[in-house]
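The sequence and structure are shown first.

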Amino acid sequence: VQLQASGGGLVQAGESLRLSCVASGSIFGGIAAMGWHRQAPGKQRELVARSGTRITYSDSVKGRFTISRDNAKNTVYLQMNSLKPEDTAVYYCDAITPVRQFWGQGTQVTVSS
């Protein structure tokens, strides 16, 4: 399975971005869940949002970010509103299948104050 993330960029605080991640390749057993993680410089990678049997968000993005999936397109989106400088990070998508977890290559999000 290959994951291709896109949609990152440089925005000002308060603005919005929409990230997309498309899964392709042999997806044996199907994708059970997809999600978004982020890693800021000097910090550990953290789970931002997960869409599986239920949708979960980290406390830091609740009410501002929305994850959605288009299962027909094997695509997961992350709508990010009211962005803050502390949201600056490389954002990674992942896909969980019965076999293993797959990672995308990451897309940079930079929020200026």
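## R50 and D94

R50 is buried, its relative accessible area being 15%; buried means under 20% relative accessible area, exposed over 50%, and partly exposed in between (1.4 Å probe, protein chains only). D94 is also buried, at 0% relative accessibility. The two side chains meet in a salt bridge with an N to O distance of 2.7 Å, the term denoting a side-chain nitrogen of Lys or Arg within 4 Å of a carboxyl oxygen of Asp or Glu. This pair links distant parts of the chain, with R50 in strand β5 and D94 in strand β9, 44 residues apart. Strands (E, at least two residues) are DSSP runs numbered from the N terminus.

## Basis of the model

The model is predicted: local features need pLDDT of at least 70 and side-chain atom pairs count only at pLDDT 80 or more, whereas totals for chains, interfaces and linings use all residues. Residues are numbered from 1 along each chain as its sequence is written, and side-chain values use heavy atoms, with hydrogens and water left out.

## H37

The side chain of D94 also makes a polar contact with that of H37, at 3.1 Å. Such a contact is a pair of N or O atoms within 3.5 Å; within protein, one must be able to donate a hydrogen and the other to accept it, and residues adjacent in sequence count only if both atoms are side-chain atoms. H37 lies in strand β4, residues 33–39, and is buried at a relative accessible area of 8%. Beyond its neighbours within four places in sequence, H37 is in contact (heavy atoms within 4.5 Å) with residues including R45, R50, Y92, D94 and W103.

## Other charged side chains

The structure holds five salt bridges. In one of them, R38 and D87 meet at 2.9 Å, N to O. R38 lies in strand β4 and D87 in the loop between β8 and β9, so this pair ties together parts that are 49 residues apart in sequence. R38 is buried at 6% relative accessibility, as is D87 at 1%.

K62 forms a salt bridge with D59, the closest N and O atoms being 3.2 Å apart. Here K62 is partly exposed, at 49%, and D59 is exposed, at 65%. Salt bridges that share partners join R38, E46, R64 and D87 into one network.

## Nonpolar core

The largest nonpolar core has 27 residues; a core is a set of buried Ala, Val, Leu, Ile, Met, Phe, Trp, Tyr and Cys residues joined through side-chain atoms within 4.5 Å. Among the residues with the most contacts inside this core are L3, W36 and Y91.

Conventions. Helices (H or I, at least four residues) and strands (E, at least two) are DSSP runs, numbered from the N terminus.
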